[in-house]
Amino acid sequence: MVQVDVFWSYGIGSSFALAAFRQLRRLRAENEARRWKLGWKAESGLLVAEEAGSEMEAIPAGLSESNGRAFQELVKQLKESGFKPGKMDLQNLKGLQKAVKAWFKENEDAFNNQYFLKNLLFLSLLFVPSGSVLLWSNPSWETMQVGKYETIPQWLVGVFTTTNVTQGILGFYLTWRSLMKGKYYQAAMHTFLSYLGFFFILANGWDNKGYQRFFSKNRESFENWSWKNVVPWAFSDVAMILLAYGTMFLPLMYYWIIDWVLKGEDLEKGVEEKELLDRLPEALKEFGAVNAAVFGGALGGAILATVLVRRLGWVKGMAAWAALMGINLSKIGFGPALCKKVMRVEDLNDVPVEELVKREIEALRELAPASA
């Protein structure tokens, strides 16, 4: 549906990055050490502080240490490129272009890997077509019984198909950033909250009738809502299209997520990677943990919100729901424990990748005299 796919595509991109977190961190550390070894880059995290010296700009309040360094680096690059705030001209635009290129170079490890490529292909070849087919064949259902052929503007179709890819890219990238900082729970929240938003719109919507819009095959059914609508909806072409595309892309999505989590664990332990079919008990356990988070946590939370809003009204219902969700996601709730189970980690905080790079560079330095 148009209103929920932005959340879902974000969650898909985020979940792919989260599943491959061990591989992505290892890849980043190895690439940074390789660049240092080849003389392409100074040691991560040290160059800015040493070279910026007295010309460092004041870091805006609220930025973390790593974001502060990124800010300093961006200001430095802009100044080197001749950028002068308030005097925008062609030279400034070239400087800005140079800074943007530098940003892409700094973050190239987020995009230059097989996991991001598979995320992009999944969204482009499977997710976008499924939404496009539903929008063309059932415009009323796909817009949650709001639009129809005569009222849906052309630009909306373009925005819908584009954001189904761009949101997935954004979800992957922002999750990747949290993972590089070693903040696993924060990274997992990108996935969880996007699925929570997805299910909240589906279940509650903007008028506490989201589920009625979903289980009605057209506008007429929705306007005459009763639970009897569910049966004709289940045999409608909407449900058949959902089933056809779901049969194609859900198994692939689950396969990649579970396979990457398990192989990442093998990588961390330094043991031979096993194929998924050779470790079905482990795979089923991971499958159960993932679904507990998605359906137990996100869908369950959305249904709870719908019931509370129905019973208590928007203000009291949402206040009660926010309090319950806050407790559940806090240290004393189920959130952290379930996150550890899904990611198969003991601690939800790890050292930043920069620290891993420094250790690897130190190890290379120690080896250098012995090999000379």
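The structure is a predicted model, where local features need pLDDT of at least 70 and side-chain atom pairs count only at pLDDT 80 or more, while totals for chains, interfaces and linings use all residues. Residues are numbered from 1 along each chain as its sequence is written, and side-chain values use heavy atoms, with hydrogens and water left out.

**The whole chain**
- The chain has 18 helices and 0 strands; helices (H or I, at least four residues) and strands (E, at least two) are DSSP runs, numbered from the N terminus.
- Of its 372 residues, 43% count as buried. Buried means under 20% relative accessible area, exposed over 50%, and partly exposed in between (1.4 Å probe, protein chains only).
- Take the contacts (heavy atoms within 4.5 Å) between residues at least 6 apart in sequence: 72% of them join residues at least 24 apart.

- After H9 comes Gly182, with a positive phi near 80°.
- Ser9, in helix H1 (residues 2-19), counts as buried because its relative accessibility is 0%.
- Leaving aside neighbours within four places in sequence, Ser9 touches several residues, including Thr163, Asn164 and Phe127.

**Salt bridges**
- Side chains of opposite charge can pair when their charged atoms come close. A salt bridge here is a side-chain nitrogen of Lys or Arg within 4 Å of a carboxyl oxygen of Asp or Glu, and the whole structure has 17 of them.
- Arg25 and Asp350 form one of these, at 3.7 Å from N to O. Arg25 is in helix H2 (residues 21-37) and Asp350 is in the loop between H17 (334-343) and H18 (353-371), so the pair ties together parts 325 residues apart in sequence.
- Arg25 is buried at 5% relative accessibility, whereas Asp350 is partly exposed at 36%.
- Lys269 pairs with Glu265 at 3.9 Å; both lie in helix H14 (residues 237-269), 4 residues apart, or about one turn of the helix.
- Lys269 is exposed at 57%, but Glu265 is buried at 10%.
- Glu282 pairs with Arg279 at 3.2 Å. Shared partners link Glu265, Asp266, Lys269, Arg279, Glu282, Glu286 and Arg344 into one salt-bridge network.
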